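Here is a brisk structural report, arranged by topic. Start with the model itself.

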Amino acid sequence: MFRVRHPWSVYRLPDTELESVMNRLRKGLPSKGWKIVKDGPDDSRAKAPQIVANSGDGQVSADLRLHMTPAGSEYESAIEVTVVSLCFHDEAASAPTSG
């Protein structure tokens, strides 16, 4: 059984641009066949804005979070993206081999 998980992020943009990106995702994902299943604060203490969307075929889910850092912080504001597939089985890997 396999599950693909791919985290990445977008950073080094002004906070206003990152907020704009989240708004464009909020509007654009449904027009590309994605269903938004959560749109609101995450469960962290910071209550970061979070969008969770599932692909139209139900095979992939995306978790997008906007992390804003205060001015002077050692960290950068970013949109954190994690894409996760459903579990799948590689039948070729489990097929018996003759030898």
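This is a predicted model: local features need pLDDT of at least 70, side-chain atom pairs count only at pLDDT 80 or more; totals for chains, interfaces and linings use all residues.

Phe2, Val4 and Phe88 form a nonpolar patch on its surface, with an area of about 270 Å². Phenylalanine 2 sits in the segment ahead of strand 1 (5-11). Its relative accessible area is 41%, so phenylalanine 2 is partly exposed.

The protein chain exposes about 7100 Å². Carbon and sulfur atoms supply 55% of that area.

## Overall fold

The protein chain has two helices and five strands. Along the sequence they follow the pattern β-α-β-β-β-β-α. The chain has 99 residues, and 22% of them are buried.

Contacts between residues at least 6 apart in sequence can be split by range. In the protein chain, 46% of them join residues at least 24 apart.

In general, strands of a sheet pair through backbone hydrogen bonds, in a parallel or antiparallel sense.

Two of the pairings can be followed residue by residue. Strand 2 and strand 3 (residues 49-54) are antiparallel and share six bridges. Here isoleucine 36 stands opposite alanine 53 of strand 3. Glycine 40 has glutamine 50 of strand 3 as its bridge partner. Strand 3 and strand 4 also run antiparallel, joined by five bridges. Asparagine 54 is partnered by serine 61 in strand 4.

## The hairpin of strand 3 and strand 4

Strand 3 and strand 4 form a hairpin with five residues between the strands. Which residue takes a positive phi in this hairpin? It is glycine 58, with phi near 75 degrees.

## Helix 1 across the sheet

Arginine 26 and aspartate 39 meet in a salt bridge, at 2.7 Å from N to O. Arginine 26 is in helix 1 and aspartate 39 is in strand 2, so this pair links distant parts of the chain, 13 residues apart. Both ends are partly exposed: arginine 26 has a relative accessible area of 27%, and aspartate 39 has 42%.

## Salt bridges between loops and strands

The model has five salt bridges. In general, side chains of opposite charge can pair when their charged atoms come close.

One of the five bridges joins arginine 12 and glutamate 76, at 3.6 Å from N to O. Arginine 12 lies in the loop between strand 1 and helix 1, and glutamate 76 in the loop between strand 4 and strand 5. The pair therefore ties together parts that are 64 residues apart in sequence. Is arginine 12 buried or exposed? At 65% relative accessibility, arginine 12 counts as exposed. Glutamate 76 counts as partly exposed, at 41%.

Aspartate 42 and arginine 65 form another salt bridge, at 3.1 Å from N to O. Aspartate 42 is in the loop between strand 2 and strand 3, while arginine 65 is in strand 4, so the pair ties together parts 23 residues apart in sequence. Why does aspartate 42 count as buried? Its relative accessibility is 2%, and buried means under 20%. Arginine 65, at 22%, counts as partly exposed. This pair is part of a network: Asp42, Asp63 and Arg65 are linked by salt bridges.

Methods:
Residues are numbered from 1 along each chain as its sequence is written. Side-chain values use heavy atoms; hydrogens and water are left out. Helices (H or I, at least four residues) and strands (E, at least two) are DSSP runs, numbered from the N terminus. Buried means under 20% relative accessible area, exposed over 50%, partly exposed in between (1.4 Å probe, protein chains only). Contact means heavy atoms within 4.5 Å. Accessible areas come from the Shrake-Rupley method with a 1.4 Å probe; for residues, only the protein chains shown count as cover. Patches are made of residues with over 30% relative accessible area and no salt bridge: like charges are joined within 9 Å, nonpolar side chains (Val, Leu, Ile, Met, Phe, Trp, Tyr) within 5 Å. A salt bridge is a side-chain nitrogen of Lys or Arg within 4 Å of a carboxyl oxygen of Asp or Glu. Two strands pair if DSSP finds at least two bridges between them.
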